[in-house]
Amino acid sequence: MSPADVAVRPPDPVPIDGRLRTLTALYVTQFLGFGFITIGLTSILRAGGTSLDTLALLNLIGLIWPVKFLWAPIVDRYGPRRGGHYRSWLLVLQTGMVLALLALLAVDPATGRIGPIVLICALFVFLSATQDIAADAVAVRLLSRSDRGPGNGIQVAASYVGNILGGGACVVVYDQFGWAAAVGLLAGLTATGLLVVWRFREPDRVAKPAGTRQAYGALLSVLRQPGCRGWVLGVVPLLYMGAGAAYALVSPALVDAGWSLSRIGLVTGIVTSVPAVIAGLVAGGLVNRIGRSGVLLAGGASLAVATASLLPMLTGRAATGFTTVALCCFMAAYTVANVALYTVNMDYSRPASGGTDFTVLSSFGLICSYLAAAVGLAVAARVGYLTVAIVAIVLMLAGVVMGLRHQRRNSPPIRPSLGA
């Protein structure tokens, strides 16, 4: 299906500020639980004596997120015309995310029962991944080409706000008040997203949703666009593999260096997320000024340098001040690179199949990221953190070089923003 097959109506009367506020709320609440699982829970389990191999298994749960392209066409295809196609999905999924988090109240990690925790976390990741499909489809429809930079800057920044609360504040609450208090806070914050979704008024779909066969056909047809295959199969995986492998080392290395859970939660979940939020907003604004290539170069090169600054921490010399600054630089640089990656992905996403297209374009890199995180931890247990970090830097630099070549050779396609 091509954009020519889609009936497009005039731009939505809702001002851009209103659209960006809606997307901000969707992405913040989406990442609350995800930040807790990927950042906070890793630290909690490591402090309780969980091995790196078991933590690698927990990281594999994240693979549910990138393989969501398998059911993304269902989200694009099925949904009521009244009340909003994607809004209906979001109402159900936000509720399910809250219930999954509440289920964690029955499985305190202090008891050593890791199996039930992994299963519940897997369910939550499935629900949040599906919510992301619907949220991305809404973003593709709401944002025009000139709005994609700021829109994706807000999307990435909002994810770190979720990490501040889920991966940082909840860990501190756990350390001070216990498991029930932390999970209760997490579920309560996630529930606030229901109010935003309830008040959201989704633009009507003019075109009838494609049939199931056509919807699944979008999984491959999106890659037939000029330059898309090289971007998705080359640039995106290289950068995500490097970043994923490097960041997976952070929490275990800090625990091994003797940091307390409260300090890890404060620094990795809260302190480092603040510059990441700012970097995301700034990068989004720069996309229209210096272009996608400029933002990619700034983010990717800075990410490699920031990873090199983490080497002392990975060898056990984790001085609080220097390590905190290094981690702040790492997260800010990763955010800038992510804004560039997401913006180009959205350039290639078609309004009629926005959920499927954006999911497919992001999934290849995310699969590599989670695999790299799991493999990186397993390899680090055998050869040390340092070797894994050096390989990660090489991958990042290769991704930047390939990305610049791609942008010189390919002009991003122009897509209508509303009406699918």
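The following questions and answers explain how several terms apply to this predicted model.

Q: Which residues make the contact between α15 and α16, and how are they divided by class?
A: On the side of α15 they are Gly376, Val379, Ala380 and Val383, and on the side of α16 they are Tyr385, Thr387 and Val388. Five of the residues of this contact are nonpolar, two are polar and none is charged. Gly376 of α15 is in the contact, and Gly is counted among the polar residues.

Q: What makes Val379 count as partly exposed?
A: Val379 is placed in helix α15, and its relative accessibility is 33%. Buried requires under 20% and exposed requires over 50%. The value of 33% lies in between, and therefore Val379 counts as partly exposed.

Q: Which residues does Val379 touch, not counting residues up to four places away in sequence?
A: Val379 touches Gly384 and Val388. The C-alpha atoms of Val379 and Arg229, which are 150 residues apart along the chain, are separated by 30 Å.

Q: Why are α6 and α11 called roughly antiparallel to each other?
A: The angle between α6 and helix α11 (residues 261–271) is about 170°, with axes 8 Å apart. Because the cut-off is over 145 degrees, α6 and α11 are roughly antiparallel.

Q: Which residues of α6 and α11 meet?
A: The residues of α6 include Gly167, Gly168, Ala169 and Val172, and those of α11 include Leu261, Gly265 and Ile270. By class, this contact has eight nonpolar, seven polar and one charged residues.

Q: How do you know that Ala169 is partly exposed?
A: Ala169 lies in helix α6 (residues 148–177), and its relative accessibility is 22%.

Q: Which residues does Ala169 touch, not counting residues up to four places away in sequence?
A: Ala169 touches Ile164 and Ile270. The C-alpha atoms of Ala169 and Phe36 are separated by 9.2 Å, although these residues are 133 residues apart along the chain.

Q: What makes α12 roughly antiparallel to α16?
A: Helix α12 (residues 273–308) and α16 pack at an angle of about 170°, with their axes 9 Å apart. This angle is over 145 degrees, so α12 is roughly antiparallel to α16. Among the residues that meet are Leu296, Gly300 and Ala304 in α12 and Ile393, Leu397 and Val400 in α16. The residues of this contact divide into 12 nonpolar, five polar and one charged.

Q: How many cavities of 30 Å³ or more are counted, and what lines the largest cavity?
A: The count comes to four cavities, and about 740 Å³ of space lies in the largest cavity. Its lining has 39 residues, of which Phe34, Thr38, Tyr247, Tyr334 and Tyr370 lie nearest the centre. Helices that each supply at least two lining residues include α1 (16–47), α6 and α15. The lining divides into 20 nonpolar, 16 polar and three charged residues.

Methods. Residues are numbered from 1 along each chain as its sequence is written. This is a predicted model: local features need pLDDT of at least 70, side-chain atom pairs count only at pLDDT 80 or more; totals for chains, interfaces and linings use all residues. Side-chain values use heavy atoms; hydrogens and water are left out. Contact means heavy atoms within 4.5 Å. Helices (H or I, at least four residues) and strands (E, at least two) are DSSP runs, numbered from the N terminus. Buried means under 20% relative accessible area, exposed over 50%, partly exposed in between (1.4 Å probe, protein chains only). On a 1 Å grid over the protein atoms alone, a cavity is a set of points where a 1.4 Å probe fits but cannot get out, and a pocket is an open set with protein on both sides within 12 Å along at least five of seven lines; lining residues have an atom within 4 Å of a point. Grid points are joined across faces, edges and corners, and a volume is the space filled by probe spheres set on the points. Axes are lines fitted to C-alpha atoms, for helices over the stretch in contact, and angles run from 0 to 180 degrees between N-to-C directions. Angles under 35 degrees count as roughly parallel, over 145 as roughly antiparallel, 65 to 115 as roughly perpendicular and the rest as oblique.
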